[in-house]
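Subject: Structure for your review

Dear colleague,

My notes on it follow, and I would ask you to read them with the structure open.

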Amino acid sequence: MDHYTEFLRKQIETLSPDDDYYEIRLREIADSFRGYGEALSDFIADHGYTDALSDVDAKAKFIRKKFKAADMKSPRDIKKWKQTHMLWQV
């Protein structure tokens, strides 16, 4: 995730309203933003998740397991994350 953020920072730093292609470059940068579900999938994959990124139940189980290993309460609404939002799509 650090590389993603750094990449976007560098892109923004080189952007200037005075550039001829400012609007085009701005749209390209905006189009490169990831949604929450994709970012979450990347994050858990970076932290040891090895099952299919499309397996919502396995992702939820992995997150619960990580919280338990850290002796923390699992997020209470993790089921709602997968049932009511498209947060898990890759």
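Are Tyr 49 and Phe 62 buried or exposed? Both of these residues are buried. Please bear in mind that this is a predicted model.

I begin with the chain as a whole. The secondary structure of the protein chain consists of five helices and zero strands, and in sequence order the pattern reads α-α-α-α-α. The chain has 90 residues, of which 20% count as buried. Its accessible surface comes to about 7200 Å², and carbon and sulfur atoms account for 52% of that surface.

Next comes the interior. In soluble globular proteins, nonpolar side chains tend to be buried together. In this model, the largest nonpolar core has eight residues, namely Leu 40, Ile 44, Tyr 49, Ala 58, Ala 60, Phe 62, Ile 63 and Ile 78. Two elements give two or more residues each to this core: helix H3 (36-46) and helix H4 (56-69). The largest share, four residues, comes from H4.

A pair of aromatic rings is described by the distance of the centres and the angle of the planes. The structure holds one aromatic pair. Tyr 49 and Phe 62 form this pair, which is edge-to-face, with 5.4 Å from centre to centre and 75° between the planes. The pair links distant parts of the chain, as Tyr 49 lies in the loop between H3 and H4 while Phe 62 belongs to helix H4, 13 residues apart.

Two further residues deserve a look. Thr 5 is found in helix H1 (residues 2-13). Why does Thr 5 count as partly exposed? The reason is that its relative accessible area is 35%, and partly exposed covers the range between the 20% limit for buried and the 50% limit for exposed. The C-alpha atoms of Thr 5 and Phe 33 are separated by 9.6 Å, although these residues are 28 apart along the chain.

Asp 71 sits in the loop between H4 and helix H5 (78-84). Most residues other than glycine have a negative phi. Asp 71, however, has a positive phi of about 60° although it is not a glycine. Asp 71 is exposed, because its relative accessible area of 73% is over the 50% limit.

Yours sincerely,
A colleague

Conventions: Residues numbered from 1 in each chain as written. Predicted model: local features only at pLDDT ≥ 70, side-chain atom pairs only at ≥ 80, totals over all residues. Heavy atoms only, no water. Buried < 20%, exposed > 50% of the residue type's maximum accessible area, 1.4 Å probe, protein only. Core = buried A, V, L, I, M, F, W, Y, C linked by side-chain atoms within 4.5 Å. Phe/Tyr/Trp six-rings, centres within 6.5 Å; stacked < 30°, edge-to-face > 60°. Areas by Shrake-Rupley, 256 points an atom, 1.4 Å probe, with all protein chains shown as cover.
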